[in-house]
Amino acid sequence: MRCVGCSPVRGDLLRNGAVLVGPKGLIGFYDKSHLPFLGVDRFVAAGDRLFEPFETPIGSIGIQICYDLRFPEVSRACALAGAELIAHPTNWPLAARANAEFITRARALENRVFLLTSNRVGVERTAEVCGWSQILAPTGSRVAEADAISEDLLIAEIDPADARVKDIIPLPGEYEMSLFGHRRPELYGRLVEEPIAVHHP
């Protein structure tokens, strides 16, 4: 099973995309939906597909690309749709190192999913990327991680069923949390409204 970045043309629009491929060929594709003013994203159109995971023999896999991870709604939508694993190919520059340090763990933990982040290493022209590819468990812990400068292959044994457990019960009857059951969607309307004010430097 592989998730590979690509630059597809759909209709007459160039996208920043990724494909999920299995032993029998193409399983599905996703086009990046959140575009920073950076690199190729300055020249592509944003994807507009819902964040639906793909059913595979190894589990339900969602995809998001690079900057998408900065938006918690994307990971949550994938998880609510049943994703057990989220594949996250990225191209994070050095300035985005905090994403690899903090946000990867937060997205895995808050949604109780496995997160597979694959970043580049090295320098291309004047851009240097921060590496630090990682496999994260639903607990937010890193079960495998690469360094910032070396190409690597990360391998970890995981059980997708662990990502189906959204209730955390340290002490039954005294200390119980239901990450999805305790949601209050009726209070979240502002999440899909235009912001009151946006500052553009």
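Which residues is Asn-16 in contact with, leaving aside its neighbours within four places in sequence?

**Ground rules**

I am working on a predicted model, in which local features need pLDDT of at least 70 and side-chain atom pairs count only at pLDDT 80 or more, while totals for chains, interfaces and linings use all residues. Residues are numbered from 1 along each chain as its sequence is written, and side-chain values use heavy atoms, with hydrogens and water left out.

**Asn-16**

I took contact to mean heavy atoms within 4.5 Å. With neighbours within four places set aside, the list for Asn-16 reads Cys-6, Tyr-30, Asp-31, Lys-32, Val-40, Asp-41, Val-44 and Ile-65. I placed Asn-16 in the loop between β3 (13-14) and β4. Helices (H or I, at least four residues) and strands (E, at least two) are DSSP runs, numbered from the N terminus. Asn-16 counts as buried because its relative accessible area is 14%; the classes are buried under 20%, exposed over 50% and partly exposed in between, with a 1.4 Å probe and protein chains only. I also checked Ile-65, which lies 49 residues from Asn-16 in sequence and 8.4 Å away in space, C-alpha to C-alpha.

**Whole chain**

I counted 2 helices and 15 strands in the protein. For 201 residues a compact globule would have a radius of gyration near 17 Å, and the protein agrees because it has 17 Å. That radius is taken over C-alpha atoms, and the globule rule is 2.2 Å times the number of residues to the power 0.38. The C-alpha trace spans about 55 × 45 × 35 Å along its principal axes. Of the contacts between residues at least 6 apart in sequence, 53% join residues at least 24 apart. The accessible surface comes to about 12200 Å², with 56% belonging to carbon and sulfur atoms; the areas come from the Shrake-Rupley method with a 1.4 Å probe.

**Core**

I looked next at the largest nonpolar core, where a core is a set of buried Ala, Val, Leu, Ile, Met, Phe, Trp, Tyr and Cys residues joined through side-chain atoms within 4.5 Å. The largest one has 31 residues, of which Ile-63, Ile-86, Trp-92 and Leu-115 touch the most other members. Elements that each supply at least two residues of this core include β7 (59-63), α1 (72-80), β8 (85-89), α2 (97-111) and β9 (114-118). In soluble globular proteins, nonpolar side chains tend to be buried together. Beyond its neighbours within four places, Ile-86 is in contact with Gly-62, Gln-64, Ser-75, Cys-78, Val-113, Phe-114, Leu-115 and Leu-116.

**Two positive phi values**

I noted Arg-112, with phi near 50°, a positive value in a residue other than glycine. Arg-112 sits in the loop between α2 and β9 and counts as buried at 14% relative accessibility. Arg-125 has phi near 55°, again positive in a residue other than glycine. I found Arg-125 in the loop between β10 (123-124) and β11; at 80% relative accessibility, Arg-125 counts as exposed.

**Glu-128**

Glu-128 counts as partly exposed, at 39% relative accessibility. Outside four places in sequence, Glu-128 is in contact with Pro-93, Leu-94, Gly-122 and Val-123. The C-alpha atoms of Glu-128 and Pro-93 are separated by 5.7 Å, and the two residues are 35 apart along the chain.
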